[in-house]
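Q: Please take a close look at the aromatic ring pairs in this structure. Which residues form them, and where do they lie?

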Amino acid sequence: MTAATHETRNPRLVTLPSLPGLGGLYAKGVASSGRIAVTRSPVGRVLPGPRDVVLPDVVYRVADVPTSGVTEHLTDYQRLVGERVCDTLPAGYLHVLAFPLATAFMVRGDFPLPLLGLVHVSNAVSVHRPVRVGDVLEIRATAENLRAHRRGVQVDLVTEVSTGGELAYRGVSTYLAKGFGLPSGERAADEAPREEFVPPVPTARWELGSGIGRAYGAISGDRNPIHTSVLGAKAFGFPRTIAHGMYTAARALAEVGAGRGDAYDWTVEFEKPVLLPGTVQVAIHRVPGDGAHPGGFTYAGWNGKSGKRHLSGTVTPR
């Protein structure tokens, strides 16, 4: 991975009156994706000019986001992913709250990559303090670290949630735009080969029905057709609908349970998508701490027949 192309930032703060709705944003995303496709170079490999690869130097902000009315929605989310029902908003739910603002950023007219076709490859989250029902939040979103990748370019969408003037949550979602390149000709450094995955002894098994994409989409607002429609999934090269990556990651986080504590770091890398309906073998293991490291948990989910890994990650108390 190479260094970011945009290293020093003094972004302009744009305050929105409220969190936007995802439905309208997806419609706008379709239009912006079409615009980007039309304006790309004939060879389809390089963005047309330096102006197009500069990320918007902007931070979106919504202040005074109430959580007093989320109890029913939070409970539905907790039950769907297997979290304990309580008044604490888990990291996966905070991702759901902030996702519309990040999506609004990605459909800006000056955002250089198409929303449709972006591949969500990883997440890195830090929960600094618990957020509870009744807290009033400030949510921010921006994009940074546009960089070359061997299959295109990657970008980080960063969301932050604060309450009482204190940062409570920071999430970095990394996306890959296949087939794009940087006009500078910058190439990604050779990546170390990924260690061969040998499935461990499973500690759980998830039976995911064909409707789980629609169920998570109804709660998260992410109704991308690859998750909710067989025809939509086939349009993007999948034989059936696929599970949301953040659903599977949130379910793994839920299975770690109370051992993560009130403040924790949570990572996930996505590999092969989960076709629906489908069965996922899961292993969650505790990593003992020592004097230098606090310990924590590792998790992985894979296809029991092929042995191909769907996702893996860590949960580490802070």
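A: A residue is called buried if its relative accessible area is under 20%, exposed if over 50%, and partly exposed in between, with a 1.4 Å probe and protein chains only. The model is a predicted one, in which local features need pLDDT of at least 70, side-chain atom pairs count only at pLDDT 80 or more, and totals for chains, interfaces and linings use all residues. Residues are numbered from 1 along each chain as its sequence is written, and side-chain values use heavy atoms, with hydrogens and water left out.

Rings of Phe, Tyr and Trp (its six-membered ring) pair if their centres lie within 6.5 Å; planes under 30 degrees apart count as stacked, over 60 as edge-to-face and the rest as tilted. The whole structure holds 5 aromatic pairs. In one of them, the ring centres of tyrosine 77 and tyrosine 93 are 5.4 Å apart with planes at 65°, so this pair is edge-to-face. Tyrosine 77 belongs to helix 2 (residues 71-81) and tyrosine 93 to helix 3 (residues 91-106), 16 residues apart; helices are DSSP runs of H or I with at least four residues, numbered from the N terminus. Both tyrosine 77 and tyrosine 93 are buried.

Tyrosine 216 and tyrosine 247 are also edge-to-face, because their planes stand at 65°, with ring centres 5.9 Å apart. This pair ties together parts 31 residues apart in sequence, since tyrosine 216 lies in helix 4 (residues 212-220) and tyrosine 247 in helix 7 (residues 245-256). Tyrosine 216 is buried at a relative accessible area of 3%, and tyrosine 247 is buried at 2%. Elsewhere, ring pairs join Tyr60, Phe105 and Phe111 into a cluster.

Note on methods
Helices (H or I, at least four residues) and strands (E, at least two) are DSSP runs, numbered from the N terminus.
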